[in-house]
Amino acid sequence: MPRSAGEVIRYLARMRPQLHVTPAVLDALGFLRGLGRTGRKRVVVRVLMNDVVGLLPSWARTELGIHRPALVRADWDRPAATVVGWALEWARGPSEIHAAARARLVEAEPGPRDGF
């Protein structure tokens, strides 16, 4: 598992020659973009998907045919997905899984015993 953003970038750079858009990838993307039985649910999925694809490297977005300007990704997609995430978290109520994950993060934070 990568331990930093730099490690992810180096990994993707090494793997880049092997990564290509295939018909299966495009089918999966279309499937994910069409999730939701109602218009409201499809809007929520679209907002989240726009933010997720914004995390992809530019070459991947280009190969996938996704052309969202950086300004739109930063000033619309990210804030909209954040609000949707907060709303979903509020609507689902307390989650034991979420609480346990947060507790593990706190335990994993470097402290005096780690020399930091």
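Reply: Start with the overall size. The protein has a radius of gyration of 18 Å, whereas a compact globule of 116 residues would have one near 13 Å. That radius is taken over C-alpha atoms, and the globule rule is 2.2 Å times the number of residues to the power 0.38. This is a predicted model: local features need pLDDT of at least 70, side-chain atom pairs count only at pLDDT 80 or more, and totals for chains, interfaces and linings use all residues. Residues are numbered from 1 along each chain as its sequence is written, and side-chain values use heavy atoms, with hydrogens and water left out.

The C-alpha atoms fill a box of roughly 50 × 40 × 30 Å along the principal axes. The protein has six helices and zero strands. Helices (H or I, at least four residues) and strands (E, at least two) are DSSP runs, numbered from the N terminus.

How much of the protein is buried? Of its 116 residues, 15% count as buried. Buried means under 20% relative accessible area, exposed over 50%, and partly exposed in between (1.4 Å probe, protein chains only).

Now go in to the core. The largest nonpolar core has six residues: Leu 29, Val 45, Met 49, Val 53, Leu 64 and Ile 66. Helix H3 (residues 39-54) gives the most to this core, with three residues. A nonpolar core is a set of buried Ala, Val, Leu, Ile, Met, Phe, Trp, Tyr and Cys residues joined through side-chain atoms within 4.5 Å. In soluble globular proteins, nonpolar side chains tend to be buried together.

Take Met 49 from that core. Leaving aside neighbours within four places in sequence, Met 49 is in contact with Leu 29, Leu 32 and Arg 33. Contact means heavy atoms within 4.5 Å.

Leu 32 sits in helix H2 (residues 23-33). Leu 32 counts as partly exposed because its relative accessibility is 35%. With Phe 31 and Leu 35, Leu 32 makes a nonpolar surface patch of about 270 Å². Patches are made of residues with over 30% relative accessible area and no salt bridge; like charges are joined within 9 Å, nonpolar side chains (Val, Leu, Ile, Met, Phe, Trp, Tyr) within 5 Å. A salt bridge is a side-chain nitrogen of Lys or Arg within 4 Å of a carboxyl oxygen of Asp or Glu. Accessible areas come from the Shrake-Rupley method with a 1.4 Å probe; for residues, only the protein chains shown count as cover.

Back to helix H3, where Asn 50 is found. Asn 50 counts as buried because its relative accessibility is 9%. Not counting residues up to four places away in sequence, Asn 50 touches Arg 68 and Asp 77.
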